[in-house]
Amino acid sequence: MNHDEKHQKPKTPTITLRKFTLSDVDAFMSWAADPRVTRFQRRDPYSDPADALAYITTHILPHPWYRAICIDNTPVGSISVKPAPGEDRHRASIGYRLAYDYWGKGIATEALKLTIKAAFEELDHLERLEAIADVDNPASQRVLEKAGFKEEGILRKYVRLKGETRDMVMFSFLVSDAV
Amino acid sequence: MDEQTTVLNRSRQPLTVTLREFELTDVDDYFVWASDDRVSPWWRWDIFTNKEDVLTFMEETVLPHPWMRAICLDGRPVGAISVTRRTAEHQCRAELGYVIASQYWGRGITTEAVKLVLGTIFGDMEGLERLEALVLVQNVGSQKVLEKAGFTKEGILKKYLIHKGKISDMVMYSFIPSEN
């Protein structure tokens, strides 16, 4: 039996990262309006593109590092790097969201790898990237591990999410870890 | 009601550990640990060298703090303990911090102060479910305090905080009343 033929995974499509523009609002809605995607986010799904436009304008465009995950220049998700508050500018946290139809293809992992490289190149003094994933979100935990993040521990009752208090798995990627 | 418990002094006579709010008149006692060069290395703040600066610090940071107490031994402040919510969105968690003058180290006083906080903070702070503490990996004394007080070690967060100009690994501890 030729294992390569039988078990070969479909190739991950080529993805690129770029800044958002206001004309991306419809693409943005493809994940931001989907409760399957927002399940582990603090915010509820958008129903009105006007709200999405406001979010792009007030939050995404001025953000220190926020990118669209694109296939053929069309956004299918987003990824952001947020520096820690106060004096700890060496530390930043990553968040990402992907339209449901694009799950399971290695896209988030690839976006993370591109982001890790870009973040350490572009953000001065950055030494620690971190990400937290809900204990009930094993898909996201696997994505982080595949991208090279290391699990550091489970932080119990760490965040409030839609009226519940959740346990979160903490991951980190240090500047000293090879990509 | 004053929170209190009893520890023994060196000659095995009972002393009482209590917590109370700070007043500006505590500045002389505050200066003792704030200027202590055995204490300062473990804290992010720089050592204080004069009382005027301590007074300013008490006015600007200590007195307005949402939850900060003097750790008192037989009624006299020997240290400070605080519980701080660091994010507005996650009211479920708050960070514990404490400091005690070095001449009182090793006598179980800090552990008792932490236990007193555990007995009151979850009633005082609505919505609090997690009390956490971050300790330098090399601060074994502080790790023992938390472990004796019943905290759980959750992991080591690498290169987490800048401490005295150096990026440092921190041990994360937490106390969850429904679990610990």
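User: How many positive and negative side chains does chain B have, and how far apart do the centres of the two sets lie?

Analyst: Lys and Arg count as positive and Asp and Glu as negative, leaving out His and the chain ends. Each charge is placed at NZ of Lys, CZ of Arg, CG of Asp or CD of Glu. In this predicted model, chain B carries 21 positive and 26 negative side chains, with 9 Å between the centres of the two sets.

User: Which elements make up chain B, and in what order do they run?

Analyst: Helices (H or I, at least four residues) and strands (E, at least two) are DSSP runs, numbered from the N terminus. Chain B has four helices and eight strands, in the order β-β-α-α-β-β-β-α-β-α-β-β from the N terminus on.

User: What share of the residues in chain B is buried?

Analyst: Buried means under 20% relative accessible area, with a 1.4 Å probe and protein chains only. Of the 180 residues in chain B, 53% are buried.

User: And how do I read contacts along the sequence?

Analyst: A contact means heavy atoms within 4.5 Å. Taking contacts in chain B between residues at least 6 apart in sequence, 60% join residues at least 24 apart.

User: What does the UniProt annotation cover?

Analyst: UniProt positions follow the numbering used here, feature names are shortened, and annotations may be inferred rather than shown by experiment. The unreviewed UniProt entry annotates residues 17-177 of chain B as "domain: N-acetyltransferase". That span is 28% helix and 35% strand, and its end C-alpha atoms lie 22 Å apart.

User: How are residues numbered and chains lettered here?

Analyst: Residues are numbered from 1 along each chain as its sequence is written, while chains are lettered from A and ligands numbered from 1 in the order in which they are written. Local features in this predicted model need pLDDT of at least 70, side-chain atom pairs count only at pLDDT 80 or more, and totals for chains, interfaces and linings use all residues; side-chain values use heavy atoms, without hydrogens and water.

Note on methods
Buried means under 20% relative accessible area, exposed over 50%, partly exposed in between (1.4 Å probe, protein chains only).
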